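Here are a few exercises to work through with the model open on your screen. Try each one yourself before you read the solution.

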Amino acid sequence: MPTLAELLTSKDITPPLSGQALDDLARVIARATGWEVYPSSVIAAGGIVYFLGRRKLDKRLCLVWEEAAAPAAAADFCGEQSPVQIGDLRLKLQAGYLDHQNAAALGKRIPFTAPRLIGVQAAIGTGDRLGLATPAHVRAVRGSGLRAVFAQQSIREMTRTGRTPEEVMDTATFGVFQEGWREGFGADADHLKTTDDIDACVAAGFTMFTIDPGDHVDGEADAADLAGLREKFHALPWQDLETAPGPLGRSFAEPVRLPDGSVVSFDEETLLRAAVKYGRALAHTAKMHRHLAAKTGRRPFELEMSVDETATPTSVAEHVFVARELRRLGVQWVSLAPRFVGEFEKGVDYIGDLGEFERSFAGHVAVAQHFGPYKISIHSGSDKFSIYPIAARLAGNLVHLKTAGTSYLEALRAIARVDPGLFREIMAFAVERYPEDRASYHVSADLAKVPSAKGLRDAELPGVLDQFDTREALHVTFGSVLTAKADGRPRFRDRLLRALAENEEVHYETVRAHLERHIRPFARA
Ligand code: ZN
């Protein structure tokens with residue numbers, strides 16, 4: 001274990017510090033600076049010792065360096081400076097806000113705090129709507145061998161929570177720093193529908209872009225008869241698809257043999273249905289891909305295509321069609337989210353036949369092996385405990401699980417533990433809001449089955465998070481809860497965030513314990 005003086009002269013990033021010696025060092029720094037130190041965050045590079053400091057609820061990115069040395073990297077960061085003396089070391093302390101400038105500077109100087117590509121490796125995305133949960137996510141993922149996507153939020157949810165793409169990135173950066181997570185993480189700009197969405201997320205430094213062409217999927221294709229399909233087929237945007245009806249038809253004349261031995265052949269009806277259903281979505285995805293490639297320039301990125309939020313399941317043949325056509329159109333992608341069979345309602349377990357899910361999932365994996373390999377992405381992946389073992393066994397490394405709502409729900413469970421009064425208020429408000437807020441989400445909660453918060457004892461409150469209808473009602477109302485106003489001021493948001501910050505360990509451990517149940521079935525280590 002190096003001494004503080006040695007850390008202050010280290011040029012390269014120091015190896016992870018741990019044990020009693022680290023705790024002692026953290027105490028020495030805390031005493032001298034007045035900032036309580038998160039020990040896991042302590043790291044040194046380029047003549048600067050960095051740590052995350054805390055005074056009550058005020059968290060800061062702190063830097064200390066030898067006054068005489070004036071290291072160049074310090075100029076990248078902003079914050080208040082003050083002199084500090086430790087033994088005979090005359091030091092400068094700089095304590096800066098957890099803002100975008102400091103996050104960007106940290107990513108530059110301590111590269112593992114900046115997002116990176118995650119590749120075709122089993123991964124979990126852990127969306128964090130409150131901007132406080134990354135440390136819990138790090139703890140859950142640590143040791144699992146899974147790649148992590150700690151920054152992940154859709155434009156829809158950023159709008160609903162009043163957050164910017166920068167904030168989503170920055171909270172992941174500081175969360176990773178706090179926990180000393182050095183294995184890297186991805187940043188997924190989820191469900192992008194327009195080129196403006198892409199621009200905002202490229203500017204914020206995201207590395208993964210999930211293109212959602214769902215609005216261009218023709219939901220009527222499944223029910224249309226052959227005559228109707230022929231008509232719709234000829235009306236496809238052929239110029240954007242860079243082909244014509246004849247050549248497309250001929251290119252699917254040969255059956256496709258998949259690695260699992262199955263054969264997918266396209267008779268006229270199968271091909272027309274696939275083309276009609278997904279043709280416009282493919283054209284849109286290709287356009288978004290071109291825009292993204294132009295915007296990112298030489299910066300590498302990862303792309304996912306998602307059609308999970310559409311009316312009817314994606315058949316294996318349709319998946320073959322989509323993958324082949326995407327490839328022909330020059331799109332490169334690391335993962336694809338089909339619309340699976342069964343119901344993926346928000347924040348609750350899979351609803352449907354597990355045997356049917358297994359058969360169709362196996363087919364999707366075979367397509368991904370054949371045309372990739374790329375990953376099958378499971379959206380609305382929170383709390384789908386019954387399908388995890390199936391997906392993990394069939395997909396191996398070719399799986400990406402996306403979660404988000406479950407971390408918000410578990411934060412509410414922490415609130416139920418530490419502030420029952422606030423939880424009761426939020427629960428009553430969620431019941432009021434649910435009929436309207438459910439509109440854009442896939443849920444089926446029956447409010448008649450949600451218990452009245454008033455009738456429950458404090459000790460019973462955390463348990464209502466396990467009740468199906470309550471869980472869904474609380475899940476889809478997060479935006480209303482976080483943006484509700486009373487007398488022109490936030491009605492819940494500030495109290496909610498404050499209670500979680502004051503009870504940080506309760507929050508982290510509640511989220512970690514629940515998220516681990518998602519991760520364990522997929523663990524690669
Ligand atoms: Zn989705």
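Two strands pair if DSSP finds at least two bridges between them. Strands (E, at least two residues) and helices (H or I, at least four) are DSSP runs, numbered from the N terminus. This is a predicted model, where local features need pLDDT of at least 70, side-chain atom pairs count only at pLDDT 80 or more, and totals for chains, interfaces and linings use all residues. Residues are numbered from 1 along each chain as its sequence is written, and side-chain values use heavy atoms, with hydrogens and water left out.

**Exercise 1. Find the partners of strand 3 (residues 48–55) and give the number of bridges for each.**

Step 1: Start with strand 1 (residues 36–37), which pairs with strand 3 in the antiparallel sense over two bridges. Glu36 has Arg54 of strand 3 as its bridge partner.

Step 2: Move on to strand 2 (residues 43–45), antiparallel to strand 3 and joined to it by three bridges. Here Ile43 sits opposite Tyr50.

Step 3: Finish with strand 4 (residues 58–66), also antiparallel, with seven bridges to strand 3. Look for Val49 opposite Val64.

**Exercise 2. Which turn residues take a positive phi in the hairpins of strand 3?**

Step 1: Strands 2 and 3 make a hairpin with two residues between them, and Gly46 in that turn has a positive phi of about 55°.

Step 2: The hairpin of strands 3 and 4 also has two residues between its strands, and there Lys56 has a positive phi near 50°.

**Exercise 3. Describe the lining of the largest cavity.**

Step 1: On a 1 Å grid over the protein atoms alone, a cavity is a set of points where a 1.4 Å probe fits but cannot get out, and lining residues have an atom within 4 Å of a point. Its volume is the space filled by probe spheres set on the points, which are joined across faces, edges and corners.

Step 2: The largest cavity comes out at about 220 Å³.

Step 3: Of its 23 lining residues, Arg129, Asp190, Lys346, Ser380 and Ala404 lie nearest the centre. Strand 9 (151–154) gives the most, with three.

Step 4: Sort by class: one nonpolar, 13 polar and nine charged. Ala, Val, Leu, Ile, Met, Phe, Trp, Tyr, Cys and Pro count as nonpolar, Asp, Glu, Lys and Arg as charged, and the others, Gly among them, as polar.

Conventions:
Buried < 20%, exposed > 50% of the residue type's maximum accessible area, 1.4 Å probe, protein only. 1 Å grid on protein atoms, 1.4 Å probe; cavity = no way out; pocket = protein on both sides within 12 Å on 5 of 7 lines; lining within 4 Å.
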